[in-house]
Amino acid sequence: TPPGERAAALRRAAEAVRGAAEELGAALAASTGRLLGQSTESAQVAAELLEEAATTGLGPTGRTLAGAGSALDVVRREPHGVVAVVTPWNDPYPAAAGLLAAALITGNTVVHKPSERSAVPGWRFARLVAGALPPGVLNVVNGDGETGAALVGDPRVALVAHVGSTATGRAIAQAVGERGARVLRENGGKDPLLVDAGVDPRWAARQIATGAFTNTGQLCTSVERVYVHESVADDVLAALVEVAAALRVGPPTAADTDLGPLVDDAQLAVVDAHVRAAVDAGARCLVGGAPAERPGSYYPPTVLDGCTEDMDVMREETFGPVAAVTRVGSFEEGLRLAGSGRYGLAATVLTPDLGHALRAADELEVGTVKVNAVFGGAPGGSADPRRDSGAGAGYGPDLLAAMTVLKAVHLEAAPPPARDVK
């Protein structure tokens with residue numbers, strides 16, 4: 001299919017997704033407990049990602065080399081062939097849209113497996129996209145880990161693009177590596193947020209709350225560790241408790257709900273265990289701290305003070321609405337702690353000091369550094385997660401490049417046939 005036709009197909013897919021955004025939102029809210037408004041907005045973001053790839057994907061497809069004047073030397077970008085896209089339950093529409101669009105615009109065919117925790121929304125989204133494409137270009141399969149293992153282990157799959165847990169990412173990398181295929185992984189995170197001296201405490205509290213409590217803390221880039229300079233810690237924590245206590249926990253379809261339920265009881269048990277263990281080890285729970293007394297997997301926004309680095313709530317993914325806080329005596333101490341641990345997805349720094357901001361951007365070994373805004377960023381940004389958070393570009397033009405393989409071509413004219421000499 002010519003590239004221009006691929007782009008037109010992605011635009012048709014974007015229009016189909018945009019037209020079904022409310023239906024997709026309702027399906028996601030029903031499956032995962034995400035707020036209905038956020039779920040619908042997530043579908044709209046996915047449509048924007050499909051449209052973006054239809055434009056950016058038509059950029060450079062290779063380069064010409066400076067070879068001999070009598071020859072042509074080029075490096076071409078070609079599709080891998082079959083790409084497997086495996087996506088998570090917590091934000092399935094944008095995660096799928098970004099990977100599907102990048103694979104499709106560069107000429108690959110795709111087999112997509114959504115998470116079994118969001119099988120219905122994943123299926124509906126992928127079928128909308130597939131309806132805008134030639135038959136067989138995008139296939140969607142549902143199933144659990146056994147299905148995923150069969151997909152990524154299939155020798156016909158040349159590249160696996162995975163967004164999800166670190167444990168699953170490791171298993172995929174091993175299976176794919178054993179047969180010589182390629183893999184892109186964006187896996188778990190334990191994202192820190194560092195609050196420097198001199199910040200406005202109420203503003204900092206709102207930033208922490210947004211990072212820790214959005215989607216009930218179930219985002220790969222949720223804030224899970226908070227390091228607050230002791231000079232502002234009391235004021236920041238007081239404001240954070242005030243914000244957390246005001247958030248309303250309830251059904252995801254209710255207009256006045258701020259936090260919906262966790263995805264299931266298994267995740268509720270993880271969050272509760274992390275919080276209880278931290279309190280038992282000496283942390284102080286300032287608000288929340290126990291499952292909500294109502295049917296369902298509800299957990300209230302929780303703020304812990306006095307956390308230490310040996311606690312699971314500071315080391316392992318909690319994936320719930322918990323702001324675990326450690327007080328630090330200096331920016332240097334906070335930066336060192338924020339850069340520690342086995343994950344390297346993203347980090348946020350709140351500071352009025354430009355020098356501190358630049359130092360954080362330079363020293364934090366993570367894929368994305370955010371200064372004075374916990375969420376945000378321009379379209380097209382590229383980031384490589386570090387350590388247990390994965391490997392390979394997840395966004396932007398570098399993702400498009402990763403969806404292709406390079407081939408060098410050297411072309412010379414054949415000599416004319418030899419003439420018979422009589």
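Which residues of helix 8 and helix 9 meet each other? In this predicted model, Pro201, Arg202, Ala204, Ala205, Ile208, Ala209 and Phe213 of helix 8 are in contact with Asp235, Val236, Ala239, Leu240, Glu242, Val243 and Ala244 of helix 9. Sorted by class, the residues of this contact comprise 11 nonpolar, no polar and 3 charged. The axes of the two helices, helix 8 and helix 9 (residues 230-246), come within 8 Å and cross at roughly 50°, and helix 8 and helix 9 are therefore oblique to each other. The crossing in which helix 8 passes helix 9 is right-handed.

## Helix pairs

| Helix pair | Axis separation | Crossing angle |
|---|---|---|
| Helix 8 and helix 9 | within 8 Å | roughly 50° |
| Helix 4 and helix 5 | within 11 Å | roughly 30° |
| Helix 12 and helix 13 | 11 Å | about 25° |

Helix 4 and helix 5, whose axes cross at roughly 30°, are therefore roughly parallel to each other, and helix 4 passes helix 5 in a right-handed crossing. On the side of helix 4 the contact is made by Tyr93, Ala96, Ala97, Leu100 and Leu104, and on the side of helix 5 by Pro121, Phe125 and Val129. The classes represented in the contact of helix 4 with helix 5 are 8 nonpolar, no polar and no charged residues.

Helix 12 (residues 331-338) and helix 13 (residues 354-363) pack at an angle of about 25°, which makes helix 12 roughly parallel to helix 13. Their crossing is right-handed. Here Phe331, Glu332 and Leu335 in helix 12 meet His356, Arg359, Ala360 and Glu363 in helix 13, and the residues of this contact divide into 3 nonpolar, 1 polar and 3 charged.

## The largest nonpolar core

The largest nonpolar core of the model holds 44 residues, and those with the most contacts inside it are Leu50, Phe125, Val129 and Met403. At least two residues of this core come from each of helix 1 (3-19), helix 2 (21-32), helix 3 (36-56), strand 3 (82-86), helix 4 (92-105), helix 5 (119-130), strand 6 (159-163) and helix 14 (396-402). Helix 4 gives the most, with 10 residues.

Val129 links this core to the helix pair described above, being listed among the core residues with the most contacts and also among the residues of helix 5 that take part in the contact with helix 4. Leaving aside residues up to four places away in sequence, Val129 touches Ala13, Val17, Leu50, Leu104 and Leu138.

## Buried residues in loops

Where do Asn215 and Thr216 lie? Asn215 is in the loop between helix 8 (201-213) and strand 9 (223-229), and Thr216 lies in the loop between helix 8 and strand 9 as well. Asn215 has a positive phi of about 55° although it is not a glycine, and Thr216 likewise has a positive phi of about 55° without being a glycine. Because buried means under 20% relative accessible area, Asn215 counts as buried at 6% relative accessibility, and Thr216 counts as buried at 3%.

Thr216 is one of the residues touched by Phe319, which itself lies in the loop between helix 11 (312-315) and strand 12 (322-328). Phe319 is buried, with a relative accessible area of 12%. Not counting residues up to four places away in sequence, the residues that Phe319 touches are Trp89, Asn90, Thr216, Gly217, Gln218, Leu219, Cys220, Glu224, Leu262, Gln267 and Val271. Between Phe319 and Leu337, which are 18 residues apart along the chain, the C-alpha atoms are separated by 20 Å.

Is Gly289 buried or exposed? Gly289, in the loop between strand 10 (284-287) and strand 11 (302-305), has a relative accessible area of 18% and is buried. Gly289 touches Asp272, Val275, Tyr299, Pro300 and Thr302, again not counting residues up to four places away in sequence. Ala71, by contrast, is 218 residues from Gly289 in sequence and 71 Å from Gly289 in space, C-alpha to C-alpha.

Technical notes:
Residues are numbered from 1 along each chain as its sequence is written. This is a predicted model: local features need pLDDT of at least 70, side-chain atom pairs count only at pLDDT 80 or more; totals for chains, interfaces and linings use all residues. Side-chain values use heavy atoms; hydrogens and water are left out. A nonpolar core is a set of buried Ala, Val, Leu, Ile, Met, Phe, Trp, Tyr and Cys residues joined through side-chain atoms within 4.5 Å. Buried means under 20% relative accessible area, exposed over 50%, partly exposed in between (1.4 Å probe, protein chains only). Helices (H or I, at least four residues) and strands (E, at least two) are DSSP runs, numbered from the N terminus. Contact means heavy atoms within 4.5 Å. Axes are lines fitted to C-alpha atoms, for helices over the stretch in contact, and angles run from 0 to 180 degrees between N-to-C directions. Angles under 35 degrees count as roughly parallel, over 145 as roughly antiparallel, 65 to 115 as roughly perpendicular and the rest as oblique. A crossing is left-handed if the near helix is turned anticlockwise from the far one by less than a right angle, and right-handed if clockwise. Ala, Val, Leu, Ile, Met, Phe, Trp, Tyr, Cys and Pro count as nonpolar, Asp, Glu, Lys and Arg as charged, and the others, Gly among them, as polar.
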